[in-house]
Amino acid sequence: MNNKSIWDADLYPASFPPLKENIKTDVLIIGAGISGLSCAYELLDSAESIAIVEQNAVYQGTTLRTTAKITYQHGYIYHDLNKKHGRDKARLYYEFNRGGIERIAEIVSSENIDCDFKVVNGYLFALTENERINIEKEAVAYEKIGVAYRLKPVNERLCPYDALEVKDQANFNITKYLREIVNILTARGVAIYENTRIIDVFGDAQTVAVTSGNKRILANKIIVCNHYPVYKKFNFFFTKMIPYYSYSVIAAEGGAGIEDANYINTTSPTIALRYVTHEGKRKLNISGASHEAYQFKQPLSEINRLKKFGKDKFGFPDYQYGWFAQDYATTDLFPLIGKIKDNIYVATSFNKWGMAAAAAGAMMIKNLIAKNDSVYAALFNPTRAAINCKFLGYNLKVVGTLLKTRRIPNRKVIKLKPDSAVILKKKGKRIGIYKDPEHKLYIVDITCPHMRCGLRFNNLAKTYDCKCHGSRFTYEGKLIDGPALKDLQRIPVTKLHEYLE
């Protein structure tokens, strides 16, 4: 099984240079995933100039690891939104995401983008009797906020109960779509810089972004669209952004015998399904098994959970792809989109549903810039206080997680297999040692630079992950994303004898 995302095959064919000098631009966008690229697209006709900076490569972060379902049916959510926030806010959330679906469909049509875009039904289904009750509750919530639905049986191989069907959902090949968006942006003069990390953003009438290489970008407006927002003067996002892990597998062959649609069940850890077109064949994507990062689960075990579901339900014996994704959910279920300061905006934390929300968020940011107003401004205000039971519970758990991650036994490594890693503690220092398939060793200090949590090795993605706030690093120590702002300390291999027998 290939441990990369299935979307890897459609990566952008060219690379962009890192930023090597100070520049000025009308609009600076930080992050080149679907959110940042969508913002750039929406502002093409109104901005004098646009620059995009990405600390890795275009659309190769969280966006690359999506299931690419474009939907407002986000699992068992509208019952909770109605109960916790009221009917009006729940309706706004639904309308916002519905607008995102419509906008992507419009762009695909107007730009003639070949990206396997398909309009499908969406199904919220139940695997157990308790979930059937959830379906009934969600149906009541749909009625309250005006979501058109019907109860309909799906294939009995999947579940024995009626599911909630909604129409006019969609899915697509995310990287084929974004490849054409990047083509459009560059043809219109948008400057894109890869491998450029922003470490600070500040300013008033004219804003400034500072790179890790100490280059400065002067901009009239800055839109922060990276996975975890960079803005030191309002640095409490980590208290209300909960990192989640989720997983996907692609069945190698055969059909599941179910309708070509988007599916998700109501309980956690969830199971979600959709077909993808790959190598000219239709294959089933099974995803879900989501959990908060603080839970110390091995990714390969969760991948095996999805494989077992596919085998038990549909008889799939083999899988071509299996991958891991990390995303952020807010403590009140609403994304963080809007103004955090005059001329500084943010769009992030889409609660694992970033396709429709990113497109809708880009339109919202455009309205805020042009009119200083949006019907969604108060609901998604990124500076809002989201203090509730979830907020308190998460932040209390972080204390215990921090202590747990710092407890690493003092031990010596006797033998390390290729393509594996070990973490250990020696003389008060926590280190990770990874041996690649060619037997080359990489040694790093695995203390997270953000708040000093201990990191854990992800045996699927081959990364060191922070269970507290979601920072992630390659086995070489390079920061991938999260609230941390610098790489891990590399330890010379010449010092390896201090840690091995």
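This is a predicted model: local features need pLDDT of at least 70, side-chain atom pairs count only at pLDDT 80 or more; totals for chains, interfaces and linings use all residues.
**View 1. Asp332 and Arg384 form a salt bridge.** Here the closest N and O atoms are 2.7 Å apart. The two partners come from distant parts of the chain, 52 residues apart. Look for Asp332 in the loop between strands S15 and S16, and for Arg384 in the loop between helices H8 and H9. Asp332 is buried, at 7% relative accessible area, and Arg384 is buried too, at 12%.

**View 2. Asp419 meets Lys462 in a salt bridge.** The N to O distance is 3.6 Å. Asp419 sits in the loop between H9 and strand S18, while Lys462 sits in the loop between strands S21 and S22, so the pair ties together parts 43 residues apart in sequence. Asp419 is partly exposed at 32% relative accessibility, whereas Lys462, at 18%, is buried.

**View 3. Arg472 and Asp465 join their side chains in a salt bridge.** Their N to O distance is 3.2 Å. Arg472 is buried, with 7% relative accessible area, and Asp465 is buried as well, with 2%. Elsewhere, salt bridges with shared partners connect Arg150, Lys152, Glu165, Lys167 and Glu259 in one network.

View 4. You will find Lys69 in strand S3. The Lys69 side chain does make a polar contact of 2.9 Å with that of Thr67. Beyond its sequence neighbours within four places, Lys69 touches several residues, including Asn171, Ser287 and Trp353.

Notes. Residues are numbered from 1 along each chain as its sequence is written. Side-chain values use heavy atoms; hydrogens and water are left out. Helices (H or I, at least four residues) and strands (E, at least two) are DSSP runs, numbered from the N terminus. A polar contact is a pair of N or O atoms within 3.5 Å; within protein, one must be able to donate a hydrogen and the other to accept it, and residues adjacent in sequence count only if both atoms are side-chain atoms. Contact means heavy atoms within 4.5 Å. A salt bridge is a side-chain nitrogen of Lys or Arg within 4 Å of a carboxyl oxygen of Asp or Glu. Buried means under 20% relative accessible area, exposed over 50%, partly exposed in between (1.4 Å probe, protein chains only).
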